[in-house]
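Here is a short report for a reader meeting this protein for the first time. Please look at the sequence and the structure, then read on.

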Amino acid sequence: MRPSAATGGGGGGRRKAAAVAAAASREWLVVPATGQARVEEAGKHAVMARTGLPARDLRVLDPLLSYPSTILGRERAIVVNLERVKAVITAAEVLLPNSKDPAFASFVCDLQARVLASSSDQAAEFTDMEGESPAVTSPFPALTSSKPNELEMTNKNTNVVDGMTHSSSMPTLAAAKDGNTKVLPFEFRALEVCLESACRSLEEETSTLEQEAYPALDELTSKISTLNLERVRQIKSRLVAISGRVQKVRDELEHLLDDEMDMAEMYLTEKLTRQEISETSSRVEVDDPSQLEEDRDEDYRSEGDVSNGTFIGYKPHIEELEMLLEAYFVQIDGTLNKLSHLREYVDDTEDYINIMLDDKQNQLLQMGVMLSTATVVITAGVAVVGLFGMNIGISLYANPTNEEEIRASNMKFWETTLGTIAGCTIMYIVAMGWGKRSGLLQ
């Protein structure tokens with residue numbers, strides 16, 4: 001039975017295997033240190049071998065799965081998942097899941113401009129020092145590309161790059177302790193672009209929400225209607241969603257700033273350099289081991305032992321990354337404060353609306369009390385009319401025989417009618433006065 005089933009479903013199995021293979025392979029946009037982006041197609045295992053990342057870290061970048069904002073520092077790569085920015089950053093290049101989103105294209109242009117500008121500054125610095133410009137190469141094996149031609153992104157000329165560099169919110173050069181400028185490592189420049197893009201996106205959404213929210217809330221306070229209430233409800237839903245996203249980014253940055261070892265893991269270029277020095281020193285015969293150990297400690301700027309490029313038993317120097325993260329932490333915290341103020345304004349508007357509704361309800365209740373009192377008073381007058389309407393033989397109902405009796409009968413009628421009306425009016429006034437004195441009515 002099993003062989004026949006397998007034979008009958010052979011075509012379906014092959015199609016399923018092909019679909020799985022196609023799903024495992026995806027397009028990646030690779031931006032090296034030179035800034036020339038290219039599209040490469042590679043499977044999950046190829047990316048894992050290239051970056052040293054486990055499969056669970058790559059799942060963070062899956063667009064079909066929903067993961068909170070995360071920045072993971074690993075041995076050879078940094079995984080970034082901030083809003084719509086998803087990237088794997090190594091010491092020499094950035095791997096981005098390829099997308100047709102216009103915002104993705106803008107992010108890639110910013111990344112290229114920042115990398116090119118920093119590379120130009122670094123090349124100029126090395127040219128002044130050594131008289132030549134070094135070439136930046138990737139220390140990792142290249143991804144296997146299934147496309148004969150690589151897609152070159154739009155090249156930025158020097159003027160455009162300089163303009164975009166000066167307009168950025170964070171400089172790519174960090175001030176050293178001796179007053180000189182120091183170019184940030186490639187991974188930090190790429191991480192800076194990711195943080196800037198995520199913070200700018202959230203800031204723009206917050207500004208748009210503020211422009212829509214404040215007029216809508218003011219209009220609701222002036223006129224309470226179903227349409228205005230629906231608009232405010234939608235704005236409040238958006239406010240809650242954006243606040244949650246901003247809070248997640250802020251918490252992630254705060255978590256990194258609180259953990260020095262996590263920040264130290266992000267120094268990919270420094271770890272790669274240490275690993276190369278360690279491998280070189282292991283192949284060289286040294287006559288004085290103590291001098292080698294002293295030089296190694298001076299190069300590593302650490303205390304303790306370093307094995308295989310990992311940090312063991314020393315306090316890392318993380319000032320550059322700490323300053324970078326603190327700058328964007330302040331920016332995202334400012335965005336969160338704007339949303340908090342807007343949330344307070346929404347709550348104040350809701351309280352004001354509730355007060356107005358309570359006042360309207362009190363007015364309706366007072367009107368109900370007044371109408372009920374008037375009904376009771378009128379009922380008393382109706383009782384008097386009912387008494388005089390009874391078919392009982394009394395002298396009051398006797399038919400007048402002369403003009404004097406007719407005049408007297410009419411006088412009694414008007415006296416009774418006006419007296420009933422006056423009595424009802426006096427009873428109503430007395431009831432209203434008692435209600436106001438007792439505080440039941442305003």
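Predicted model: local features only at pLDDT ≥ 70, side-chain atom pairs only at ≥ 80, totals over all residues.

Helix 8 and helix 12 cross in a left-handed way. Helix 8 covers residues 226-258, and its axis runs 9 Å from that of helix 12. The angle between helix 8 and helix 12 is about 150°. Angles over 145 degrees count as roughly antiparallel. Helix 8 and helix 12 are therefore roughly antiparallel to each other. Sorted by class, the residues in the contact of helix 8 with helix 12 are 16 nonpolar, three polar and eight charged.

Helix 12 also packs with helix 7. Helix 7 spans residues 186-222, and helix 12 spans residues 319-388. Their axes lie 10 Å apart, at an angle of about 15°. Angles under 35 degrees count as roughly parallel. Helix 7 and helix 12 are therefore roughly parallel to each other. The crossing of helix 7 and helix 12 is left-handed. The contact of helix 7 with helix 12 holds 22 nonpolar, six polar and eight charged residues.

| Helix pair | Angle | Axis separation |
|---|---|---|
| Helix 8 and helix 12 | about 150° | 9 Å |
| Helix 7 and helix 12 | about 15° | 10 Å |

Two single residues come next. Ser197 sits in helix 7. Is Ser197 buried or exposed? The relative accessible area of Ser197 is 15%. Buried means under 20%, so Ser197 is buried. Beyond its neighbours within four places in sequence, Ser197 is in contact with Val85 and Phe107.

Gly52 belongs to a loop. That loop lies between helix 3 (44-51) and helix 4 (55-58). Gly52 has a relative accessible area of 42% and is partly exposed. Which residues does Gly52 touch, not counting those up to four places away in sequence? They are Val47 and Arg76. Gly52 and Arg76 are 24 residues apart along the chain, yet their C-alpha atoms are separated by 6.0 Å.

Now the whole protein. There are 13 helices and ten strands. The protein has 442 residues, and 34% of them are buried. Take the contacts between residues at least 6 apart in sequence: 70% of these join residues at least 24 apart. The accessible surface of the protein comes to about 26500 Å². Carbon and sulfur atoms account for 57% of that surface.

Key: Residues numbered from 1 in each chain as written. Heavy atoms only, no water. Helix = DSSP H or I, 4+ residues; strand = E, 2+ residues; numbered from the N terminus. Buried < 20%, exposed > 50% of the residue type's maximum accessible area, 1.4 Å probe, protein only. Contact = heavy atoms within 4.5 Å. Areas by Shrake-Rupley, 256 points an atom, 1.4 Å probe, with all protein chains shown as cover. Axes fitted to C-alpha atoms, helices over the stretch in contact; angles between N-to-C directions. Parallel < 35°, antiparallel > 145°, perpendicular 65-115°, else oblique. Left-handed = near helix turned anticlockwise from the far one by under 90°. Nonpolar A, V, L, I, M, F, W, Y, C, P; charged D, E, K, R; others polar.
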